[in-house]
Amino acid sequence: MSKFRFRGRRNTSENAVKGERIPVRMIVPNLVTSTAACAGMMSITFSSEGRFLPAMWALLVACICDGLDGRVARMLNASSKLGAELDSLADFVNFGVAPAMFMFFWLTGGPTHVGISPFVTRLVLGCALFYAMCDCFRLARFNTMLEQPPIPYWKPFFTGVPAPGGCWMVLSPAILTTALSEKGQLPILQNVFQNPYFGMVMLLFVGSLMASRLPTISLKTLHIPKKILPWVMAALLLLIAFLVANFWLTLGVVGFLYVLSIPVTGWAFVKARAKYVSGSN
């Protein structure tokens with residue numbers, strides 16, 4: 001009997017020690033997410049110093065890491081509640097705070113705010129804060145919706161503009177201005193894009209799209225019919241060629257095209273909902 005009790009205690013102790021050990025693979029996705037958050041904070045630092053091109057590169061790194069962490073977690077079977085919460089916090093920094101601060105410094109002439117009145121500076125700051133809080137609201141709503149059963153006709157769509165899409169959408173004027181200034185082309189268009197009032201409209205508009213319940217396309221569930229697959233492949237190859245030839249200009253144009261796709265997505269959503277309703281009846 002004493003041996004039986006001793007063995008039982010030893011096994012319990014071994015199980016407790018084993019339960020306190022975490023496999024290394026469980027840490028890898030969180031490291032990717034942390035890298036994304038660090039890149040977002042570096043973007044804020046670069047923006048505050050007036051170094052806008054490195055700030056955009058840092059946000060691009062954050063976006064890539066954000067797309068990788070979930071896939072890495074599923075590949076390693078290392079998904080966790082901690083990772084999901086960390087991902088939401090990193091998204092708020094990367095796609096809410098960092099773009100808002102970028103636009104604030106870029107529209108007001110950098111850290112010195114040369115040539116901009118204090119009144120306009122405060123207006124730009126207010127619009128930037130509005131954009132950041134819209135992103136925060138969207139992420140909070142997204143987390144609560146994970147606990148609800150999805151409506152079938154909503155599966156191919158996001159509710160509102162996703163945070164990474166909103167980030168690049170609001171940065172499109174800065175991206176296009178950077179590309180055009182490198183070529184020395186269209187100075188009038190550059191002045192329009194960097195006008196504080198135009199930037200404030202973009203911050204308010206994109207922030208409202210993120211907080212809204214408008215349907216936007218989700219590429220994760222998008223299926224391409226076989227008959228148009230060659231055309232889609234040709235379009236993707238053309239996009240890659242343009243990215244290689246002029247990366248920032250192409251990225252900026254894609255950001256504006258994403259805005260134009262929202263009405264088309266709304267039309268597709270109405271058709272999908274009508275089909276679901278008619279089928280259920």
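Contact, as used throughout this note, means heavy atoms within 4.5 Å. This is a predicted model, in which local features need pLDDT of at least 70 and side-chain atom pairs count only at pLDDT 80 or more, whereas totals for chains, interfaces and linings use all residues. Residues are numbered from 1 along each chain as its sequence is written, and side-chain values use heavy atoms, with hydrogens and water left out.

1. Confidence. The average pLDDT (the predictor's confidence in each residue, from 0 to 100) is 82 for the protein, and 88% of the residues score at least 70. Confidence is lowest in helix 1 (residues 2-19), where the mean is 49, and highest in helix 9 (residues 196-211), where the mean is 92.

2. Overall layout. Of the contacts with a separation of 6 or more, 82% come from residues 24 or more positions apart. Taking buried as under 20% relative accessible area, exposed as over 50% and partly exposed as in between (1.4 Å probe, protein chains only), 37% of the 281 residues are buried.

3. Helix 2. The 21 residues of helix 2 (residues 28-48) reach 31 Å from the first C-alpha to the last, close to the 30 Å expected at 1.5 Å a residue, where the expected span is 1.5 Å times one less than the number of residues. Its buried residues, including Val32, Ala36, Gly40, Ser43 and Phe46, pack against helix 3 and helix 4 (81-107). Just after helix 2, Gly50 adopts a positive phi of about 80 degrees.

4. Gly40. This glycine, which lies in helix 2, is buried, with a relative accessible area of 0%. Not counting residues up to four places away in sequence, Gly40 touches Ala62, Val93, Asn94 and Ala98. The C-alpha atoms of Gly40 and Pro99 are separated by 8.8 Å, although these residues are 59 residues apart along the chain.

5. Helix 3. The end C-alpha atoms of helix 3 (residues 52-75) are 35 Å apart, which agrees with the 34 Å that its 24 residues should span at 1.5 Å a residue. Just after helix 3, Asn77 has a positive phi of about 55 degrees.

6. Charged groups. A search of the whole structure finds one salt bridge, defined as a side-chain nitrogen of Lys or Arg within 4 Å of a carboxyl oxygen of Asp or Glu. It joins Arg51 to Glu49, with the closest N and O atoms 3.1 Å apart. Arg51 counts as partly exposed at 42% relative accessibility, and Glu49 also counts as partly exposed, at 43%.

7. Asp135. Which side chain of opposite charge is nearest to Asp135? Counting Lys and Arg as positive and Asp and Glu as negative, with His and the chain ends not counted, the nearest is Arg138, 6.6 Å away, and Asp135 is buried yet has no salt bridge. Asp135 lies in helix 5 (residues 118-145), and, leaving aside neighbours within four places in sequence, is in contact with Asp91, Phe92, Phe95, Gly96, Ala163 and Met210.

8. Ser212. This serine is placed in the loop between helix 9 and strand 2 (215-217), and at 18% relative accessibility Ser212 counts as buried. Beyond its neighbours within four places in sequence, Ser212 is in contact with Arg141, Thr159 and Gly160.

Notes:
Helices (H or I, at least four residues) and strands (E, at least two) are DSSP runs, numbered from the N terminus.
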